[in-house]
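Me: I have a chain open here and want to go through its fold with you. Can we take it piece by piece?

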Amino acid sequence: MATSAIANKGTAARKPNRKQRESKKKLKLVIFGFELLVILVMVGVLYLVIGATDEIEPIHVTELDRNNLGITDQVQEATETEGSSMYGYMNIALFGVDAKTENELFKSSRSDTIMIASINMDSGDIKLVSVYRDTYLNLGTDKYNKCNGAYSAGGAEQAVKMLNMNLDMDIKDFVTVGYAGLAEVIDGLGGVWIDVDKDELKHINNYQYSILGKYASKYITVPPDLNFTPDEYFKNYEVKLVTEPGYQRLNGLQATAYCRIRYVGSDFQRTERQREVIRAIEAQAKQASLTTLLSTFEKAAGDIYTSLSEETIKELLPKIADYRIVDEGAFPGVKGRVSVSMGAKGSCEVPENLTSSVVWLHKFLFDDEQYEVSDTVKEISNQILKDARVYNSSIGQ
C-alpha cells in the first residue's frame, strides 16, 4: 500500500514532489476500498474481543435477504462449482455515502463511492473495481438511472442487487461508511497532511460550511453565523479556514471538505482527492499508538454499516496479514462508456455495450477468458442502449 512521509512531533514532513504525487495517483481506486475492508476487520476484532462492554459503540450489522440480491442461477452455479472461474472468491461491495444522519447511513443517501472488492480466499489476492457513480444502469427494480441512486432508494440490499444484476456478480456482503465517520477518524489521529492546490482553496472552505448546513457561494472572508448542524458530531465544531495553499495538516472537517470538492476537475479528480486523504490516514495511523488507534476506531464503529457477521469476520482474520492488492480497475472503462445528457436524469455515463463490459469484468476479476453473460445482462444492455439513443442516436453504433 502507498505510504506518505508524515511529520513527527508536530513538525512538517518533507513534501513529495509533483512527479511522486502523480505516480501515487496511478493507484486509481485501490486504497479507499481496501482500507475500508481492513478498517472494518480491525473494528470487528475490537468488537469481538471487548464488544460486550458498554464502552464501545457497536458497528451497525444487518442481514441481507440472500433470495433478493439479484444473483442469477448461472452465477450461483459458477460460484458453487469447483473448478469454475468464480469458485473460491469472496466478493464484497464497498459504499461511501453522503450521510448527514445515522438513518441516512442505512438509506436515503446516494452512494457516491461504489467499489467491488474481490478476494481470492486461497491466495489472499485482492482485485478492486470502482463502479462510477453516474453509470446508467438498472437500479435493481427495472428502473434505470444513475447507479448511485440504488442505495438512496432501497439501501444496501438494493445497491448490492443492482451490482449483481448488471454485472453478473454474486455479492452477498457489503460495507458502508458515512462521511462523519471519516472526520472522526482524522480528528482521532490528530489530523492528516494534504497538499492543497490554489484552485482547491476556495472550495475547501465553502464545503466546510456546506457540511455544517450553511453553504457559502463565494470565497469566505468572514465566517457566516451557523444555525444548523446536520450531524451531531459537528454540533460544536469550530471552523478553521484554510488560508493558503500548500502541504499542511488538515483537521477532520477540513479533510472531509477536501474530499467533497467537485468543482476542480471532473468527478474522477474528486475520487483522486478522496484517495489522497485515505493514504494520509493510513500513514498517520502507522505512527499512532495502540491506545490512539483503539480510541479512534471505537468512535468510528458507529458510522460503519455492514452485513459482515462475526462468523465472516473470523473467516477473514487468519489471512489478514497475507491480503494484498494485485490489480485494480474501473467500470465501465474509458473505451466502454460515453457521457450522455439524459434529460431529467442529468449527465450519465452510459456503457455502450454492457455485455462486453461485463465480459471484461469477469476476465479482470476471475481470469475468465471465455465468459458468457447471462440473459439478464443482455436484456439490460439492450434497454440501456434504447434509453440512451433517445438522446444520442449514435450510441452503440
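Me: Before that, what kind of model is it, and how are residues numbered?
Reply: This is a predicted model, in which local features need pLDDT of at least 70 and side-chain atom pairs count only at pLDDT 80 or more, while totals for chains, interfaces and linings use all residues. Residues are numbered from 1 along each chain as its sequence is written, and side-chain values use heavy atoms, with hydrogens and water left out.

Me: How many helices and strands are in the protein chain?
Reply: The protein chain has 13 helices and 13 strands. Both are DSSP runs numbered from the N terminus, helices being H or I with at least four residues and strands E with at least two.

Me: What share of the residues is buried?
Reply: Of the 397 residues in the protein chain, 55% are buried. Buried means under 20% relative accessible area, exposed means over 50%, and partly exposed lies in between, with a 1.4 Å probe and protein chains only.

Me: And what about contacts between residues at least 6 apart in sequence?
Reply: Among those, 72% join residues at least 24 apart. A contact here is heavy atoms within 4.5 Å.

Me: How does strand 1 pair with strand 10, parallel or antiparallel?
Reply: Strand 1 pairs with strand 10 (residues 304-306) in the parallel sense, over two bridges. H60 stands opposite Y305 in strand 10.

Me: Switching to helix pairs. How do helix 7 and helix 8 cross?
Reply: The axes of helix 7 (residues 198-211) and helix 8 (residues 252-260) cross at roughly 110° and come within 8 Å. That makes helix 7 roughly perpendicular to helix 8. On the scale used, under 35 degrees is roughly parallel, over 145 roughly antiparallel, 65 to 115 roughly perpendicular and the rest oblique.

Me: Which residues meet there?
Reply: From helix 7, E200, I204, Y207, Q208 and I211 meet L253, Q254, T256, A257, Y258 and R260 of helix 8.

Me: What about helix 12 and helix 13?
Reply: The axes of helix 12 (residues 354-366) and helix 13 come within 8 Å and cross at roughly 135°, which makes helix 12 oblique to helix 13. The contact involves L354, T355 and V358 of helix 12 and V377, K378, I380, S381 and I384 of helix 13.

Me: Where is D375, and is it buried or exposed?
Reply: D375 is in helix 13 (residues 375-388), and at 53% relative accessibility D375 counts as exposed. D375 and D168 are 207 residues apart in sequence, with 9.9 Å between their C-alpha atoms.

Me: Back to strands. How do strand 12 and strand 13 run?
Reply: Strand 12 (residues 337-341) and strand 13 (residues 347-351) run antiparallel, joined by five bridges. S339 has E349 in strand 13 as its bridge partner. The two strands form a hairpin with five residues between them, and G343 in the turn has a positive phi of about 60°.

Me: Where is the cis peptide bond?
Reply: The bond from F331 to P332 is cis, with omega near -10°. P332 is in the loop between strand 11 and strand 12.

Me: Last one: what does N148 touch?
Reply: Not counting residues up to four places away in sequence, N148 touches R110, S111, D112, I114 and R133. N148 is in the loop between strand 6 and helix 5, and is buried at a relative accessible area of 4%.

Key. Two strands pair if DSSP finds at least two bridges between them. Axes are lines fitted to C-alpha atoms, for helices over the stretch in contact, and angles run from 0 to 180 degrees between N-to-C directions.
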